[in-house]
Amino acid sequence: MGTEITEKNEKQLKELGIMISTCRKIKGLSQKELAEKAGISRSLISVIEAPRLAYNFTLDVLLNIADALGVGAESLLKGDWQTILKE
């Protein structure tokens, strides 16, 4: 985790972090609550959600976060708000 990010993926990772943050807030969860549900640290959630950072994290972490939010990982990756709001 945290390995070097290619320029072409930087924007997408930032957008994914914003998607996770917004979804968490819509679901009424704090970073600590999401972290506990996902089985990861609150500090990891914080760095993933930081809007000016692009943090390279594992697919396992993404799947855990999506599950904790009750949404599909593919919806988070696509930025599919309509599907996320229905889930």
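Predicted model: local features only at pLDDT ≥ 70, side-chain atom pairs only at ≥ 80, totals over all residues.

Me: Fine. At what angle do α2 and α3 pack, and how far apart are their axes?
Reply: Helix α2, residues 31-38, and helix α3, residues 42-49, pack at an angle of about 115 degrees, and their axes are 8 Å apart. That angle makes α2 roughly perpendicular to α3.

Me: And which hand is the crossing, left or right?
Reply: The crossing in which α2 passes α3 is right-handed.

Me: Which residues meet there?
Reply: From α2 the contact has Q31, K32, L34 and A35, and these meet R42, I45, S46 and E49 in α3. Sorted by class, the residues of the contact of α2 with α3 are three nonpolar, two polar and three charged.

Me: Staying with α3, which of its residues are buried?
Reply: In α3 the buried residues are L44, I45, I48 and E49. Seen down the axis of α3, these buried residues fall within an arc of 125 degrees, so they line one face of the helix.

Me: What covers them?
Reply: The cover over the buried residues of α3 includes α1, α2 and α4.

Me: Let's switch to α4, then. What is buried in that one?
Reply: Helix α4 spans residues 59-69, and within this helix V61, L62, I65, A66, A68 and L69 are buried. They cover an arc of only 160 degrees around the axis, which puts them on the same side of α4.

Me: What is on the other side of α4?
Reply: On the other side of α4 there are L59, D60 and D67, which are exposed.

Me: Which helices do the buried residues of α4 pack against?
Reply: The buried residues of α4 pack against α1, which runs over 7-26, against α2 and α3, and against α5, which runs over 73-78.

Me: What follows α4?
Reply: α4 is followed by G70, whose phi is positive, near 75 degrees.

Me: You mentioned α1. How do α1 and α4 pack?
Reply: α1 and α4 pack at an angle of about 25 degrees, with 10 Å between their axes, and that angle makes α1 roughly parallel to α4. The crossing of α1 and α4 is left-handed.

Me: Which side chains am I looking for there?
Reply: The contact is made by L16, I20, C23 and R24 on the α1 side, together with L62, I65 and L69 on the α4 side. By class, the contact of α1 with α4 has six nonpolar residues, no polar ones and one charged residue.

Me: New topic: where is L53?
Reply: L53 lies in the loop between α3 and α4, and with a relative accessible area of 42% this residue is partly exposed.

Me: What does L53 touch?
Reply: If residues up to four places away in sequence are not counted, L53 touches K14 and V47. L53 and E10 are also 43 residues apart in sequence, and their C-alpha atoms are 8.4 Å apart in space.

Me: And Q12, buried or exposed?
Reply: Q12 sits in helix α1 and counts as exposed, because its relative accessibility is 51% and the cut-off for exposed is over 50%. Its C-alpha atom is separated by 12 Å from that of I48, which is 36 residues apart from Q12 along the chain.

Me: Last one: where is Q82 found?
Reply: Q82 is found in helix α6, which covers residues 81-86, and at 63% relative accessibility Q82 counts as exposed. Q82 and N64 are 18 residues apart along the chain, and 21 Å separates their C-alpha atoms.

Notes: Residues numbered from 1 in each chain as written. Heavy atoms only, no water. Axes fitted to C-alpha atoms, helices over the stretch in contact; angles between N-to-C directions. Helix = DSSP H or I, 4+ residues; strand = E, 2+ residues; numbered from the N terminus. Parallel < 35°, antiparallel > 145°, perpendicular 65-115°, else oblique. Left-handed = near helix turned anticlockwise from the far one by under 90°. Contact = heavy atoms within 4.5 Å. Nonpolar A, V, L, I, M, F, W, Y, C, P; charged D, E, K, R; others polar. Buried < 20%, exposed > 50% of the residue type's maximum accessible area, 1.4 Å probe, protein only. Arc of directions from axis to C-beta.
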